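Me: I should like to learn how to read the helices of a protein model. May we go through one together, feature by feature?

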Amino acid sequence: MSNTLGTEPADGHQSQGTPGAGSAAPSARPAPPPAAARRRRGRAKLRFEIALLSGPAILVFLAFVIFPVALAAFYGFYRWHGYGPPTDWVGLNNYKLILTDPAFQQVLWHTGVILVLSLAVQGPLAIVLALLLNQRIRGRSAIRILIFVPYVVSEVIVGTGWSLMLQSNGALNDLLRHVGLGFLQADWLADPDLAIWTLLGIISWKYIGFAVILMLAGLQSIPEELSEAAQIDGASYWQIQRRITLPLLGPTIRIWAFLSIIGSLQLFDLVYIIWGPYVAGTAGTSTMAIYMVGQGRNAGNYGYGSAIAVVMFLISLVVALLYQRFLLRRDLQGAITEGAS
């Protein structure tokens, strides 16, 4: 037999089931889109997702922040009493009056004093309490709750309670008299030399819990291995806190300070409830927001009050931008870098 099973046919063609040069070529696949087109589609999809997710928040921000500020700026150019369309155009007179009014300069000074003293008192106290409560001590959960409770109590309750206790015949003076410290009795709310310190004490008692919670959260993010390594090298407890804990706690401290500054610039409710718009001025506790309400709504001059609101907004905006530019820039750059990586 001349041909075996493993040999090819005599005509030189391959068998029908064997792929080769003579078999039908497979159907050609469509060429993938170029890289530029893929990038464009990816960017368009990303923009759509960003618009879809951030659109509602942007609309709320425009409706409840930008639009009211623009409307207040518009009313600030008029002498307007709050009803009917504004027609009495005064231009920049309202803003000129604000900047030259000694009363506004006084409340601006009060606001600055409250801002500085709040940072100087609450910051160190919150750090010390956070370091203490970060230790394994008995009852630290209960202590944390007791410190944080004043922060969640409404300002109306806090203001009403303290205003009753600090009256001339209130609970505090009565307590001092019964324990033999009657010489310390004072008019805590009306005395201009004491009222600002009374306000500072109430603010510290009210908001120290928020600062402590932030500091505790920052301490939890610091690796314990760093402190253990420092202890092995012979560092004392206070050296560890000064050289390791506080530098690593810096971003948390700066964020808290920023929130405290903005809150101090906009302080209103506690002062209004305890002192009112008129007593606050004579007691030395009036703030920019109190001045705005007293000169605007209570005086029936809503155009002037709107101008004060715009000035408050601009002051807060400038302070926030400067703080972010010089103090928060490094922290924000680190967060962006970590997120990008």
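Reply: Let us begin with a term: a polar contact is a pair of N or O atoms within 3.5 Å. The model shown here is predicted. In it, a side-chain oxygen of Asp101 lies within 3.2 Å of the backbone nitrogen of Ala103, at the start of H3.

Me: What span should the 32 residues of helix H3 have, and how far apart are its end C-alpha atoms?

Reply: Helix H3 covers residues 102-133 and, at 1.5 Å a residue, should span 46 Å; its end C-alpha atoms are 45 Å apart, which agrees.

Me: How does one describe the packing of two helices?

Reply: Two packed helices are described by the angle between their axes and the distance between those axes. For helix H4 (residues 140-152) and helix H7 (residues 192-220), the axes come within 6 Å and cross at roughly 125°. H4 and H7 are therefore oblique to each other, and their crossing is left-handed.

Me: Which residues make the contact of H4 with H7?

Reply: H4 contributes Arg144, Ile147, Phe148, Pro150 and Tyr151, while the residues from H7 include Trp205, Tyr207, Ile208 and Phe210. By class, this contact of H4 with H7 has eleven nonpolar, one polar and two charged residues.

Me: At what angle do helix H5 and H7 pack?

Reply: Helix H5 (residues 155-165) packs with H7 at about 145°, their axes being 12 Å apart. The crossing of H5 and H7 is right-handed. Here Glu155, Val158 and Trp162 of H5 meet Ile202, Trp205, Lys206 and Tyr207 of H7. The contact of H5 with H7 comprises five nonpolar, no polar and two charged residues.

Conventions
Residues are numbered from 1 along each chain as its sequence is written. This is a predicted model: local features need pLDDT of at least 70, side-chain atom pairs count only at pLDDT 80 or more; totals for chains, interfaces and linings use all residues. Side-chain values use heavy atoms; hydrogens and water are left out. Axes are lines fitted to C-alpha atoms, for helices over the stretch in contact, and angles run from 0 to 180 degrees between N-to-C directions. Helices (H or I, at least four residues) and strands (E, at least two) are DSSP runs, numbered from the N terminus. Angles under 35 degrees count as roughly parallel, over 145 as roughly antiparallel, 65 to 115 as roughly perpendicular and the rest as oblique. A crossing is left-handed if the near helix is turned anticlockwise from the far one by less than a right angle, and right-handed if clockwise. Contact means heavy atoms within 4.5 Å. Ala, Val, Leu, Ile, Met, Phe, Trp, Tyr, Cys and Pro count as nonpolar, Asp, Glu, Lys and Arg as charged, and the others, Gly among them, as polar. The expected span of a helix is 1.5 Å times one less than its number of residues. A polar contact is a pair of N or O atoms within 3.5 Å; within protein, one must be able to donate a hydrogen and the other to accept it, and residues adjacent in sequence count only if both atoms are side-chain atoms.
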